[in-house]
Each structure stands twice: as structure tokens, then as C-alpha cells.
Amino acid sequence: MGLAASQEQATTPVRGMFEAARQTFDDARVRQLFASKQYVEAKNLSLALLARKECLGKSSPSWQQSAETLLEIYYVTGDYERGVKLVADLLATTDETSRH
């Protein structure tokens with residue numbers, strides 16, 4: 001194994017820790033924006049966070065928590081159509097997970 005490959009393997013856990021910390025910070029920021037009724041900003045950050053967490057899989061508790069937060073934002077802002085689609089996605093994910 002070459003030096004570059006060795007360095008890449010060594011930095012992978014660090015990248016993973018950095019990404020986890022970033023997601024935790026962003027989760028807290030979404031909740032802060034939501035609490036201060038800055039719904040547009042909360043929705044935009046929540047959508048970006050959900051997209052990043054997509055790689056974890058929709059059965060991931062982290063993805064589901066972000067989806068539930070986004071669902072709350074949709075409800076409060078009256079965006080029921082998107083909320084219904086997200087609920088359907090959450091239910092389908094829950095149904096798939098329970099079959100395995």
C-alpha cells in the first residue's frame with residue numbers, strides 16, 4: 001500500500017467524525033431557526049441536511065429525525081402537500097424496515 005492510500009485510510013475516520021459533528025450542529029441550527037419562527041431558513045437547511053443524510057439510508061434514525069423536523073416545518077407553514085408526500089415516504093420506509 002502506498003503512502004497516499006495509507007493517508008487516505010487514516011483521514012477517513014476523521015472525515016466521518018467531522019461530518020457527524022457538522023450534522024449535529026446543523027440539526028441544532030434547524031431547531032433553533034424553527035423555534036425562532038424562521039421557517040424558510042429552517043426548511044432550506046433541513047432539506048440540505050436531509051439530502052446529506054440520504055447516504056445513511058432512510059431507515060437511519062438520524063435521517064428519520066431530520067425528516068420529522070422537516071415535517072413539522074411543513075405543517076406549521078401550511079405546506080400540507082409536501083408534508084403528505086414526506087409522511088408517505090416515512091411510512092414506506094417504516095414498512096420496509098419492519099419487513100426485514
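The structure is a predicted model, in which local features need pLDDT of at least 70, side-chain atom pairs count only at pLDDT 80 or more, and totals for chains, interfaces and linings use all residues. Residues are numbered from 1 along each chain as its sequence is written, and side-chain values use heavy atoms, with hydrogens and water left out.

**Confidence**

- The average pLDDT (the predictor's confidence in each residue, from 0 to 100) is 83 for the chain, and 83% of the residues score at least 70.
- Confidence is lowest in helix α1 (residues 3-35), with a mean of 75, and highest in helix α2 (residues 39-53), at 92.
- Helices here are DSSP runs of H or I with at least four residues, numbered from the N terminus.

**Helix α3**

- Helix α3 covers residues 61-77, 17 residues in total, and spans 24 Å from its first C-alpha to its last, close to the 24 Å expected at 1.5 Å a residue. The expected span is 1.5 Å times one less than the number of residues.
- W63, S66, A67, T69, L70, I73 and Y74 are the buried residues of α3, where buried means under 20% relative accessible area, exposed over 50%, and partly exposed in between (1.4 Å probe, protein chains only).
- Viewed down the axis of α3, these buried residues fall within an arc of 160°, so they line one face of the helix. The arc is that of the directions from the helix axis to the C-beta atoms.
- An α-helix has 3.6 residues a turn, so residues three or four places apart point the same way.
- P61 and Y75 are exposed on the other side of α3.

**V84 and helix α4**

- V84 belongs to helix α4 (residues 80-99) and counts as exposed because its relative accessibility is 56%.
- Between V84 and Y74 the C-alpha to C-alpha distance is 9.2 Å, with 10 residues separating them in sequence.

**Aromatic pairs**

- Rings of Phe, Tyr and Trp (its six-membered ring) pair if their centres lie within 6.5 Å; planes under 30 degrees apart count as stacked, over 60 as edge-to-face and the rest as tilted.
- The count by this rule is 2 aromatic pairs.
- F34 and Y39 form an edge-to-face pair, at 5.6 Å centre to centre and 65° between the planes.
- The ring centres of Y75 and Y80 are 6.2 Å apart and their planes stand at 65°, so this pair is edge-to-face.
- F34 is partly exposed at 21% relative accessibility, and Y39 is partly exposed with a relative accessible area of 21%.
- Both Y75 and Y80 are exposed.

Technical notes. Helices (H or I, at least four residues) and strands (E, at least two) are DSSP runs, numbered from the N terminus.
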